Amino acid sequence: MKTSNYITIAYFIFLFGGVLTLFIAAKNNSESNFDQKYAFLEKPLDAFSVLIVEPGAELRLRYGEPSTMKLIYPIGDTITLPPFTVRNDTLFVSSNPDNKMHGSVDLYCNSLKSIQEKSGAKVWIEKEFQADTLLVNLEGAEFSYFAERGSPKRVTLTLTANRSEISIGETNFDHLDIQLNESKMNVWNNSINNLTGSITNNSNLNIVRFKKISLEVDETSKYQLSKNN
């Protein structure tokens with residue numbers, strides 16, 4: 001047999017062996033994930049209306065009563081909730097870098113009025129969250145707000161962002177006031193009755209479906225606006 005034939009046969013044996021190894025590994029991993037069981041770690045909280053998210057902390061906000069912090073984790077893992085404290089109607093939540101996280105911490109609350117995020121913090125507001133008026137202040141942080149699709153509820157949101165990123169979808173606003181500085185903001189599938197504010201210092205705004213607007217934009221910033229029909 002020619003040397004080239006040996007090389008060809010060896011190549012196909014190598015290729016088949018690699019594919020077989022990957023198939024077995026994927027099958028074992030799928031079975032392992034299917035068999036994995038999860039548990040809840042939760043802690044009731046005193047009532048609060050102001051949330052301070054310390055540097056690096058990550059939270060998902062949900063509507064619930066009473067106020068509770070909750071984390072879902074695989075059974076067998078050692079896990080703890082992030083350090084937190086409630087003082088004078090304000091909840092302070094710190095990051096927990098030593099924790100083996102399997103998802104963001106869920107924070108259930110029903111009377112939140114203000115959020116302050118510090119450097120590296122991330123906050124998601126889920127569709128079942130309820131707040132008529134909300135004040136958000138971001139400093140080098142990320143903020144996402146997604147309401148329930150088709151909901152008639154309208155929110156008043158005042159947002160100040162410095163070196164931050166904002167994503168908002170499926171949320172309808174009676175009044176949206178923004179102050180963007182070195183920040184990026186994307187808003188889609190929304191309806192906004194009144195849009196006000198300013199974007200400065202290389203900020204970027206992409207927003208649709210507004211009725212009335214009063215927005216100041218400096219020469220370094222970019223924006224894309226699509227008005228209601």
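## Basis of the description

The model is predicted: local features need pLDDT of at least 70, side-chain atom pairs count only at pLDDT 80 or more, and totals for chains, interfaces and linings use all residues. Residues are numbered from 1 along each chain as its sequence is written, and side-chain values use heavy atoms, with hydrogens and water left out.

## Residue T171

T171 lies in the loop between β13 (165-169) and β14 (172-181); strands are DSSP runs (E, at least two residues), numbered from the N terminus. T171 counts as buried because its relative accessibility is 1%, where buried means under 20% relative accessible area, exposed over 50% and partly exposed in between (1.4 Å probe, protein chains only).

Apart from neighbours within four places in sequence, T171 is in contact with Y145, F146, A147, V155, N189, N190 and S191. Contact here means heavy atoms within 4.5 Å.

Strands β5 (residues 84-87) and β6 (residues 90-93) run antiparallel and are joined by 4 bridges; two strands pair if DSSP finds at least two bridges between them. R87 stands opposite T90 in β6. The hairpin has 2 residues between its strands, and N88 in the turn has a positive phi of about 50°.

## Residue P55

P55 is placed in the loop between β2 (50-53) and β3 (58-63). With a relative accessibility of 43%, P55 counts as partly exposed.

Neighbours within four places in sequence aside, P55 is in contact with S95, K118 and S119. The C-alpha atoms of P55 and V93 are separated by 9.1 Å, the two residues being 38 residues apart along the chain.
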